[in-house]
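Student: Could you take me through the aromatic rings here, with a close look at how they sit against their neighbours?

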Amino acid sequence: MTGYTVYRPLKEIASDISWDERGLVPAIVQDARTKQVLMMAYMNEESFLLSVEKGETVFWSRSRGELWHKGATSGNTQRIVGVHLDCDGDTLLIEVIPAGPACHTGTTTCFERPLAQPEQAPSPTPKENRFAILEALERTIAQREREMPEGAYTTYLFEKGVDKILKKVGEEAGEVIIAAKNRSAEELRYEASDLIFHLLVLLQEQKLPLDEVLRELERRHQPK
């Protein structure tokens, strides 16, 4: 098991779950990076234990009466980075890093059919929206890696592989240093933007969510 910490023996954790009369529990799957809800499926005890042990989602198909490993045939697997149980013990929340679309129709999420929404969404405050561009850029980079559109610079980086990406991160870090030494705010702004972009590409190539980096910063900032 990699990518997350399991706090207690798995059998003990499974005993905390309120399985329904069929021995099932609904599992809501959420993108750990974007917080978008991707899908909902059911798990029984066997699929739950397999999911945690494998580090990828495994569900129970009610229609076929069998286990199904998400993405086993399509390649659209879901790497688990967190598992949560709700207050009543009867619903799971599975945080994942998806390798592709969650829905069998090819869409990112199964929840693509809006039935009701506010006439005008509330405008976020500047503080709430401050890092929206990072979330949008992270999503775009992940999409580029999945689809590899011809002619895109990000496609070029992923095709060349980690050594090329690392080289670009190193080059941009050097440019940031030069810009700072030159005391040029405009130059520094430009080069810092390049460095952040290439660092996000590296994180995607390594399958390390930006959220995990942010949580590490939060952990370090906690008073001791």
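This is a predicted model: local features need pLDDT of at least 70, side-chain atom pairs count only at pLDDT 80 or more; totals for chains, interfaces and linings use all residues.

Tutor: Happy to! Residues are numbered from 1 along each chain as its sequence is written, and side-chain values use heavy atoms, leaving out hydrogens and water.

Now to rings against rings. Rings of Phe, Tyr and Trp (its six-membered ring) pair if their centres lie within 6.5 Å; planes under 30 degrees apart count as stacked, over 60 as edge-to-face and the rest as tilted. There are four aromatic pairs in the structure. One of them is Y153 with Y156, stacked at 6.1 Å centre to centre with 25 degrees between the planes. These two tyrosines are three residues apart in helix 4 (residues 153-160), so about one helical turn separates them; helices are DSSP runs of H or I, at least four residues, numbered from the N terminus. Y153 also stacks with F197, with ring centres 6.2 Å apart and planes at 25 degrees. Because F197 belongs to helix 6 (residues 185-206) and Y153 to helix 4, this pair ties together parts 44 residues apart in sequence. Together, Y153, Y156 and F197 form one aromatic cluster.

As for accessibility, buried means under 20% relative accessible area, exposed over 50%, and partly exposed in between (1.4 Å probe, protein chains only). F197 is buried at 18%, while Y153 is partly exposed at 37% and Y156 is partly exposed at 32%.
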